[in-house]
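Hello,

Here is the structure I said I would pass on. My notes on it follow below.

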Amino acid sequence: MGFWWRPLGELMALAFAAALFGLAAGVHAGLGLLGLGLLILLVRQFWFQARLARWLEEGTLAESLGAAPRALGVWGDIYYRLNKLLSRQSRSNTELANALGQFQQAAEAVPDGLVILDENDRIQWCNPASNRYLGLDCRRDHGQYISYLMRQAPFLDFLRERDYSRRLVCRSPLSRETALSMQLVPYGAQKLLMVRDITDLERVDAMRRDFIANVSHEMRTPLTVVGGFVETLADAQDMKAEDMRPYLQLMQSHTQRMQRLIEDLLMLSRLESTDHERVEERVPVPALVHELEGEAGQLSRGRHRISARIESGAWLSGSSQEIHSAFSNLVSNAVRYTPAGGSITLTWKEEGGEGVFAVTDSGEGIAPEHLPRLTERFYRVDRSRSRETGGTGLGLAIVKHVLTRHGARLDIQSIVGRGSTFAAIFPAERLLTATQEDNVIPFPAERSDAA
Ligand code: ADP
């Protein structure tokens, strides 16, 4: 309503001025002034209308902003209001563009491949991950039928079926190594194709299957043997105790093998379990090396020359049970894979600030192609040799887990026919100096239990 006051005010002022002028200078002069005034108002009206049209026509909205023509009176009001409207619109456009930009950035950053398809399965948009998994390019392939670009039969069937509850598991068209899981999600008339890389999941699944197959296989052999002997003994009622002894001894050795396997499996599962907290104890490594030297002597039963070189008095911080188990696995391997007459040396030293426990043997050695896989569960270079010597195939897997839990690493150097050195290398921060209260074993020390 305020809007009308200004033009009405102007007209009334003009009529009033014309009436006054008419009274003073005559009716004609008054009418003349009124006509002139109306003409001026009309021309001014056209002038501002033309300026408004030009302003709206010129440039983009953003450019016009702030450059609104200035005017007095009602046109000033119109320009002011238009300007306000335009700046509000421009602000909301910027906000909208920002929100859209952020949404697009988020969709582009998603590690899964995302492809928007229209009702005819033409590509509307896709993110960079879809380029990685499917080779699609958002700009190049916009508007293309996805079935022209991805021609694998299982994918075409999946697209045609329109079963939105189903997931398609297939290989990436770019690499047979990459396993993908795809799902279609409908929304409105469009569909979102979601592509996820499940290579790692498949690998873990395959490992799990292999593990179960391996464990079953390892258990079946001794169980079959023991079962067979039990049957034989049950049938042979009048067998003498002496004749039974070899059977019983074999049954005992197979039962022990199963026991070792179960103990190793339990140890591995304890090490792998995230709830299993590692204890931080002071581990007296020099004393431990002496103890292991004794254990090696018992295992070897005089068949090898065994010596210990303790060149450092440092202790370790960690779980003494785990460290004992890892070191003892390395020692038992050296005894088991070194033919009689060979030598085995246990060393504890500091090198470049790190603590090194090394077991060197003059055994059969390992070919280089096996080295990277030795710490895998049940990986053996020679299956029958490992079993003959009572191996479970889990020893080095346990060693690797224990070392990883202590921030240490395993280094293996080996030459076929000459022997191997397995070294557990602990970082400087794990090394402790023995204190007065500790019952320290003097070093340097070198002892040898000759055969
Ligand atoms: P196993 O119970 O079979 O000994 P491990 O995990 O301890 O299992 O070792 C894996 C494989 O590594 C063994 O089967 C053997 O082939 C090889 N190996 C381990 N230590 C030695 C060694 N000191 N000398 C030669 N080969 C070894």
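Val 226 is a residue of helix 8, which covers residues 199–235. Its relative accessibility is 15%, below the 20% limit, so Val 226 counts as buried. The C-alpha atom of Val 226 is 5.3 Å from that of Met 251, a residue 25 positions away along the chain. Please keep in mind that this is a predicted model.

Next, the ligand. It is surrounded by 20 residues, and the closest are Arg 336, Tyr 337, Ser 386, Gly 393 and Leu 396. By class, nine residues of this shell are nonpolar, seven are polar and four are charged.

Which atoms come close to the ligand's oxygen atoms? These are the contacts I noted:

- Tyr 337 places a polar side-chain atom 2.7 Å from a ligand oxygen.
- Gly 393 has a polar backbone atom 2.7 Å from an oxygen atom of the ligand.
- Gly 395 has a polar backbone atom 3.3 Å from an oxygen atom of the ligand.

On its own, the ligand would expose 530 Å², and the protein buries 98% of that area. The space that the ligand takes up is the largest pocket.

Two arginines have backbone angles to look at. Most residues other than glycine have a negative phi. Arg 162 is not a glycine, yet its phi is positive, at about 55°. Arg 162 sits in the loop between helix 7 (153–161) and strand 3 (167–171). With a relative accessibility of 34%, Arg 162 counts as partly exposed.

Arg 301, also not a glycine, has a positive phi of about 45°. Its place is the loop that runs between helix 10 (285–300) and strand 7 (305–310). Arg 301 counts as exposed because its relative accessible area is 69%, and the cut-off is over 50%.

Last, Thr 433. This residue is in the loop between strand 13 (431–432) and strand 14 (445–449). Is Thr 433 buried or exposed? At 67% relative accessibility, Thr 433 counts as exposed.

Regards

Technical notes:
Residues numbered from 1 in each chain as written. Predicted model: local features only at pLDDT ≥ 70, side-chain atom pairs only at ≥ 80, totals over all residues. Heavy atoms only, no water. Near = heavy atom within 4 Å. Polar contact = N/O pair within 3.5 Å; in protein donor to acceptor, adjacent residues only side chain to side chain. Areas by Shrake-Rupley, 256 points an atom, 1.4 Å probe, with all protein chains shown as cover. 1 Å grid on protein atoms, 1.4 Å probe; cavity = no way out; pocket = protein on both sides within 12 Å on 5 of 7 lines; lining within 4 Å. Sits in = over half its atoms within 2 Å of the grid points. Nonpolar A, V, L, I, M, F, W, Y, C, P; charged D, E, K, R; others polar. Helix = DSSP H or I, 4+ residues; strand = E, 2+ residues; numbered from the N terminus. Buried < 20%, exposed > 50% of the residue type's maximum accessible area, 1.4 Å probe, protein only.
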